[in-house]
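User: Could you walk me through this model, starting with how it was made and then going on to a helix, some rings and some strands?
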Amino acid sequence: MISAPILLAAALPLLPGEWFRYRVTVGFAEAGTASLAIAEPMSKGGRTLLPVRGAVEPSSFLRGFYRVRGEIVTWLDADGLLPVRTSYHREDPHAKLHVEGRQEKPGRVTWRTTRNGRTRESARTFREPIYDPIAALMTLRCHALAAGEVRELWLMDGLTLMRATATGGPIETLRLPVGEMRAQRIDGVIRRAGNPRPFRLWLTADAARLPVKLDGETRLGRTVVELIGYGREARERQHVPPRGLRQPERPVGRAEAAAKRPRAPARPRPPARR
């Protein structure tokens, strides 16, 4: 049985098949790379879910003294972008943590946590929806903030609950590894136990609203995340990339490279003997 492809609302600037690649810098050192990918939507329980995966891979320099690796996969309800399910995995020198979270209704969250081989389950009800970092980023991407407009979200990063405040800022011109582009700046603060950590996020000033830069304070210090690659695999509802954004070249296989290689002119054949 072949089912028709699931389409998202045209108003959402999320394109199944999009992928992003970022350079991560901590202080003055290049700390690694980060990636973001949007998969094809799926239908489950009468809902249209959009899987989005984010991952961080440390550089060889950072692995030399601090081994950290993380991945988040979130399934977003296309109607409201509520994270229905979140899979969180992190490894560092102190612990290996894996969290499976579910939120069938806004604010009603259940967790299955595995830390260093020990598993436990818990549940809690909040007054507001809970977002993981990827879901929060997609929400800010889909709901444009006017200059001065404020949006507040509850974040759950693994097992850490935080309050994020985002304020719409001006449109600026950025110089990034992928080129020069205009982007709206979002000024924000993340609060955890009264400890505020400011951050700034830039989204392209067009209908696609691509996340191109993030600058904020983390446990390791000031961290800057900049876009170094962007691609699209889906064939429908493709966004036009912002001016100045260079598309990375697609890897070419041996057969395709041989077909593109210029051929030497054929040598003239000697006349046939009679």
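User: What should I know before reading any numbers?

Analyst: This is a predicted model, in which local features need pLDDT of at least 70 and side-chain atom pairs count only at pLDDT 80 or more, while totals for chains, interfaces and linings use all residues. Residues are numbered from 1 along each chain as its sequence is written, and side-chain values use heavy atoms, with hydrogens and water left out.

User: OK, how many residues of helix H2 are buried?

Analyst: Nine of the 10 residues of H2, which spans residues 133–142, are buried, so this helix is largely enclosed by the rest of the structure. Buried means under 20% relative accessible area, with exposed being over 50% and partly exposed in between, using a 1.4 Å probe and protein chains only. Helices (H or I, at least four residues) and strands (E, at least two) are DSSP runs, numbered from the N terminus.

User: And which residue caps its N-terminal end?

Analyst: That is Asp 132, which has a side-chain oxygen 3.0 Å from the backbone nitrogen of Ile 134, and Ile 134 is itself among the buried residues of H2.

User: Switching to rings, how many aromatic pairs are there?

Analyst: A search of the whole structure finds three aromatic pairs. Rings of Phe, Tyr and Trp (its six-membered ring) pair if their centres lie within 6.5 Å, and planes under 30 degrees apart count as stacked, over 60 as edge-to-face and the rest as tilted. One of the pairs is Phe 20 with Tyr 22, which is stacked at 6.2 Å centre to centre with 10 degrees between the planes. Phe 20 is buried at 1% relative accessible area, and Tyr 22 is buried at 8%.

User: What about Trp 111 and Phe 126?

Analyst: Those two form an edge-to-face pair, 6.5 Å centre to centre with 85 degrees between the planes. Trp 111 lies in strand E8 and Phe 126 in the loop between strands E9 and E10, so the pair ties together parts that are 15 residues apart in sequence.

User: Last topic: how do strands E13 and E14 pair?

Analyst: E13 (residues 179–192) and E14 (residues 195–204) pair in the antiparallel sense over 10 bridges, where two strands pair if DSSP finds at least two bridges between them. They form a hairpin with two residues between them, and Ala 193 in the turn has a positive phi of about 55 degrees.

Definitions and conventions: A polar contact is a pair of N or O atoms within 3.5 Å; within protein, one must be able to donate a hydrogen and the other to accept it, and residues adjacent in sequence count only if both atoms are side-chain atoms.
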